[in-house]
Amino acid sequence: MVKKEKKKITTKSIVMTGMFAAVLAVLSQIAIPMPSGVPVTLQTFAVALTGFVLGMKLGTAATAVYVMIGAVGAPVFAGFSGGLGILLGKTGGFIFGFLFMAPLCGLGVKKKNLFRTVLMPAAGLVICHLLGILQFSFLAQLGFAESALMVSVPYLIKDVVSVVMAYAAAAALRRGLRAANISITEAGA
């Protein structure tokens, strides 16, 4: 019988997780209010960057920390908001979607396969938008198509560009971390 070695939680992984939760909080504050109530933010960029740099596990952990900090009321969501009311409100579906987007971006960068590198983050973005549309639709009592036209379609180009830019920024960050002899082995880079 072969024993699997358990990986320890390292100080470095705790620090990186906390740092990227903070990056999410800071970039969430760069927001342009929209009539639908769903602002234009840099959250998508921050979530994708987190997944691409930290990989699936740590990227998910950092995103979960960000969501939990916001859930207890810390003003880390867009517009310096926080609390369960935001998570259960019209924008909450997108925030829950980040919990799927970060690990899929992490998987995309880990696979070192161009098809998967494109497919995984795209799937994460689709899930994020789908959850956002569904929650908004339910709360606004609008149809799916009408909700999608209000809170998803206008943001798609910005979000796709955000994911591509996050990938490029993450590659540079990983190179810098390697040059500083700080490895994040899970990211596969």
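I began with Ala 48, which I record as buried because its relative accessibility is 0%; for this entry buried means under 20% relative accessible area, exposed over 50% and partly exposed in between, with a 1.4 Å probe and protein chains only. The model is a predicted one, in which local features need pLDDT of at least 70 and side-chain atom pairs count only at pLDDT 80 or more, while totals for chains, interfaces and linings use all residues. Residues are numbered from 1 along each chain as its sequence is written, and side-chain values use heavy atoms, with hydrogens and water left out.

Ala 48, continued. I placed Ala 48 in helix H2, where helices are DSSP runs of H or I with at least four residues, numbered from the N terminus. Leaving aside neighbours within four places in sequence, I found Ala 48 in contact with Met 101, Cys 105, Val 163 and Ala 166, contact being heavy atoms within 4.5 Å. I also looked up Leu 125, which is 77 residues from Ala 48 in sequence and 9.0 Å from it in space, C-alpha to C-alpha.

Core. I then turned to the largest nonpolar core, which has 41 residues, and noted that Phe 52, Val 53, Leu 54, Tyr 66 and Met 101 touch the most other members; such a core is a set of buried Ala, Val, Leu, Ile, Met, Phe, Trp, Tyr and Cys residues joined through side-chain atoms within 4.5 Å. Helices H1 (11-28), H2 (43-71), H4 (92-110), H5 (114-140), H6 and H7 each supply at least two residues of this core, and H2 gives the most, with 12 residues. For Tyr 66, again leaving aside neighbours within four places in sequence, I listed contacts that include Ala 21, Leu 24, Val 76, Phe 77 and Phe 98.

Helix H7. Not counting residues up to four places away in sequence, Leu 173 touches Phe 20, Leu 49 and Val 53, whereas Met 150, 23 residues from Leu 173 in sequence, is 34 Å from it in space, C-alpha to C-alpha. Arg 174 is also in H7, and I logged Arg 174 as buried, with a relative accessible area of 10%. A polar atom of the Arg 174 side chain lies 3.0 Å from the backbone oxygen of Phe 52.

H6 against H7. I read off that H6 (residues 144-151) and H7 (residues 153-179) pack at an angle of about 50 degrees, with axes 4 Å apart. That angle makes H6 oblique to H7, since angles under 35 degrees count as roughly parallel, over 145 as roughly antiparallel, 65 to 115 as roughly perpendicular and the rest as oblique. Ala 148, Leu 149, Met 150 and Val 151 in H6 meet Val 153, Pro 154 and Tyr 155 in H7, and I sorted the residues of this contact into seven nonpolar, no polar and no charged.

Backbone. Which residue has a positive phi of about 55 degrees although it is not a glycine? I found that it is Gln 141, in the loop between H5 and H6, and that Gln 141 is exposed, with a relative accessible area of 71%. Asn 181, likewise a residue other than glycine, has a positive phi near 60 degrees; I located Asn 181 in the segment after H7 and noted that Asn 181 is exposed, with a relative accessible area of 71%.

Technical notes:
Axes fitted to C-alpha atoms, helices over the stretch in contact; angles between N-to-C directions. Nonpolar A, V, L, I, M, F, W, Y, C, P; charged D, E, K, R; others polar. Polar contact = N/O pair within 3.5 Å; in protein donor to acceptor, adjacent residues only side chain to side chain.
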